[in-house]
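Try each task before you read its solution.

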Amino acid sequence: MTNNNDVQSDNGLFIGVDVAVVGVSAAKSHRAGARTRSPWEAMEDYVAMIADRTALHAVRLPLATTDVNTVIARILGLQPRISAAFVVGLDANAAVALQQGAAERGGPLVITETDVVTTTLTAMTISTLKNLEVGPRVGQVVITGAHRAPMLGQALLMSGVAGISSWRTSDAHQFPLHRLMEHNDVLVDLDRCGRDSVTANRVVALPYESFDHASVALPGFLSVLCGHGVSALTVEMIAACARSLALITPPGCTLPAPDERMLLSSIARQVTKSLGHTPPYSTHQH
């Protein structure tokens, strides 16, 4: 592979660049026993995936910092050549601060790994309710570690889930998780603390490799949003993408395969509706 996809300088003079993939990693922040690749390794995989599955060009931007203002400044420095930045390596709070700061300063659309994982978790929850033969409209969901995906509860409610509860380990004495789940249908276990309390077919968990989930949702997200001049990702867009994934998920599964042929058209149809535009794929309705 040639290096014409690489960031060569800070002057933003790139040819044919549409999306920046930003890997954010403090120089010596390697967690012991972490199962995931470093953000820079993930960045390389995302660049390859975008090239493989979309018509967009991607540029890589590895940053040896987790300082949100520094990251914002570097993303702003890539304008006007990019229409979106996909950021890997920030926790949920920093991701929100990054998106708000970039928007306030007139930056491009910023999507983070947290957004993509929130989308797939929403879709998996809808699919799990269907597999349990509990309609989403009556489904009751418990979330542990809700701070890891701040928009998840709202996205689930927008997707038609009837009720959301949050549970913390500190609640265990008064409200044991297994008791709580006697009155709820699905556990979205972002803290990975419910394995002994709930049967596996009722649990939706964070992936150990976010890339595995992102490969399902990100190509469609970028393809449709970059074409509409969208400046900020909203929970409506996340819920719309999640619904599109659930619509084409085979029975007994919780997500469609990344190479599912209807993936991009399904995401485009639902997300474009959430933008208030005429869907590009509207020959038949679900």
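**Exercise 1: A strand and its partners**

Val-142 has Leu-187 as its bridge partner in β7. This is a predicted model, in which local features need pLDDT of at least 70 and side-chain atom pairs count only at pLDDT 80 or more, while totals for chains, interfaces and linings use all residues. Residues are numbered from 1 along each chain as its sequence is written, and side-chain values use heavy atoms, with hydrogens and water left out.

Task: find which strands β7 is joined to by bridges, and how many bridges there are in each case.

Solution. Start with strand β5 (residues 140–144): four bridges join it to β7, and the two run parallel. Strands (E, at least two residues) and helices (H or I, at least four) are DSSP runs, numbered from the N terminus. Two strands pair if DSSP finds at least two bridges between them. Next, turn to strand β8 (residues 203–205), which is joined to β7 by three bridges and also runs parallel to β7. Here Leu-187 stands opposite Val-203. Finally, look at the side chains of β7 (residues 186–189): Val-186 and Val-188 point one way, Leu-187 and Asp-189 the other way, and all are buried. Buried means under 20% relative accessible area, with a 1.4 Å probe and protein chains only.

**Exercise 2: An aromatic cluster**

Task: work out which residues form one aromatic cluster.

Solution. The structure holds two aromatic pairs. Rings of Phe, Tyr and Trp (its six-membered ring) pair if their centres lie within 6.5 Å; planes under 30 degrees apart count as stacked, over 60 as edge-to-face and the rest as tilted. Take Tyr-46 and Phe-86: their ring centres are 4.8 Å apart and their planes at 70°, so this pair is edge-to-face. Tyr-46 lies in helix α1 (residues 39–53) and Phe-86 in strand β3 (residues 84–88), so the pair ties together parts 40 residues apart in sequence. Now take Tyr-46 and Phe-211: with centres 5.0 Å apart and planes at 55°, the pair is tilted. Phe-211 lies in helix α7 (residues 210–225), 165 residues from Tyr-46. Putting the pairs together, Tyr-46, Phe-86 and Phe-211 form one aromatic cluster.

**Exercise 3: Confidence**

Task: find where pLDDT stays under 50.

Solution. pLDDT is the predictor's confidence in each residue, from 0 to 100. The chain has a mean pLDDT of 87. Residues 1–13 stay under 50, and residues 278–286 are below 50 too. Where pLDDT is low, the predicted coordinates should not be read in detail.

Methods. Contact means heavy atoms within 4.5 Å. Buried means under 20% relative accessible area, exposed over 50%, partly exposed in between (1.4 Å probe, protein chains only).
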